[in-house]
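Please look through the structure below before reading on. The text after it is meant to be read with the model open.

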Amino acid sequence: KNNVFKYIFVRNKKKFLLKYENQLDNNYKLFSCDLLNDKIFNLLLEIDPIDSFCYFPGMPFMQLVKHAKRDVLMDVFEINYFKPYFITQFLLKKKKLNFNSNVLYVSSISGIDKVATKAAKTQMPCQVKKNIRATIKTG
């Protein structure tokens with residue numbers, strides 16, 4: 001707990017609050033959205049410029065290759081790579097990241113998405129911006 005104001009985007013507010021409400025202070029605004037659609041971009045217009053952005057929704061993929069379905073794999077990449085990429089791009093274009101901001105991407109390393117998602121995300125920090133620190137964490 002600290003005095004930093006937080007914008008929190010979750011799929012299910014009720015589930016999130018049941019698990020984390022006792023760890024939160026009053027310095028936050030909670031948004032509900034599914035990252036598989038583009039509602040988040042409208043919600044991001046409502047936020048003030050920020051100093052830090054942390055992205056860790058994670059969508060692990062735990063199927064055998066012979067049973068994998070293309071639509072499921074595309075959702076994994078949408079959540080774990082494309083969405084953080086385009087959210088970061090949106091935040092930059094709309095000037096929602098303050099000078100010397102920090103951007104943190106946390107990636108799941110479980111399942112088959114480990115190699116491809118991590119490989120794709122390692123390129124993202126190199127492409128963000130000189131005055132924005134971008135970091136990849138896996139775990």
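Predicted model: local features only at pLDDT ≥ 70, side-chain atom pairs only at ≥ 80, totals over all residues.

Residues are numbered from 1 along each chain as its sequence is written, and side-chain values use heavy atoms, with hydrogens and water left out.

Begin with the β-α-β unit. Helices (H or I, at least four residues) and strands (E, at least two) are DSSP runs, numbered from the N terminus. E1, H1 and E2 form such a unit, and the unit is right-handed. The term right-handed means that, with the strands pointing away from the viewer, the path from the first strand over the helix to the second runs clockwise. E1 and E2 run parallel and are joined by five bridges; strands count as paired if DSSP finds at least two bridges between them. In this pairing, Lys 6 stands opposite Tyr 28 in E2.

Lys 6 also takes part in a salt bridge, with Asp 25 as its partner, at 3.4 Å from N to O. A salt bridge is a side-chain nitrogen of Lys or Arg within 4 Å of a carboxyl oxygen of Asp or Glu. Because Lys 6 lies in strand E1 (residues 6-10) and Asp 25 in the loop between H1 and E2, the pair ties together parts that are 19 residues apart in sequence. How accessible are the two partners? Residues are called buried under 20% relative accessible area, exposed over 50% and partly exposed in between (1.4 Å probe, protein chains only). Lys 6 is at 24% relative accessibility, so it counts as partly exposed. Asp 25 has a relative accessible area of 15% and is therefore buried.

Asn 26 counts as exposed because its relative accessibility is 75%. The C-alpha atom of Asn 26 is 9.8 Å from that of Val 4, a residue 22 places away along the chain.

How many salt bridges does a search of the whole structure find? The search gives four. Besides the Lys 6 and Asp 25 pair, there is one between Lys 83 and Asp 38, with the closest N and O atoms 2.8 Å apart. This pair links distant parts of the chain, since Lys 83 is in helix H3 and Asp 38 in the loop between E2 and H2, 45 residues apart. Lys 83 also meets Glu 78 in a salt bridge, at 3.5 Å from N to O. Lys 83 is buried because its relative accessible area is 2%. Asp 38, by contrast, has a relative accessible area of 52% and so is exposed, and Glu 78 counts as partly exposed because it is at 25% relative accessibility.

Next come the nonpolar cores. A nonpolar core is a set of buried Ala, Val, Leu, Ile, Met, Phe, Trp, Tyr and Cys residues joined through side-chain atoms within 4.5 Å. The largest has 18 residues, of which Ile 40, Leu 44, Phe 53, Tyr 55, Ile 87 and Leu 91 touch the most other members. Two or more residues of this core come from each of helix H2 (39-44), strand E3 (50-55), helix H3 (70-93) and E4. Beyond its neighbours within four places in sequence, Ile 87 is in contact (heavy atoms within 4.5 Å) with Leu 35, Ile 40, Phe 41, Leu 44, Phe 53 and Tyr 55. Another core, of five residues, lies apart from the largest one and includes Ile 8, Val 10, Phe 16 and Leu 24.

Lys 95, in the loop between H3 and E4, has a positive phi of about 55 degrees although it is not a glycine. Lys 95 counts as exposed because it is at 65% relative accessibility. Asn 100, within strand E4, is another residue other than glycine with a positive phi, near 65 degrees. At 39% relative accessibility, Asn 100 is therefore partly exposed. Ser 101 belongs to strand E4 (residues 97-107) and is buried because its relative accessibility is 0%. A polar atom of the Ser 101 side chain lies 2.3 Å from the backbone oxygen of Asn 98.

Technical notes:
Polar contact = N/O pair within 3.5 Å; in protein donor to acceptor, adjacent residues only side chain to side chain.
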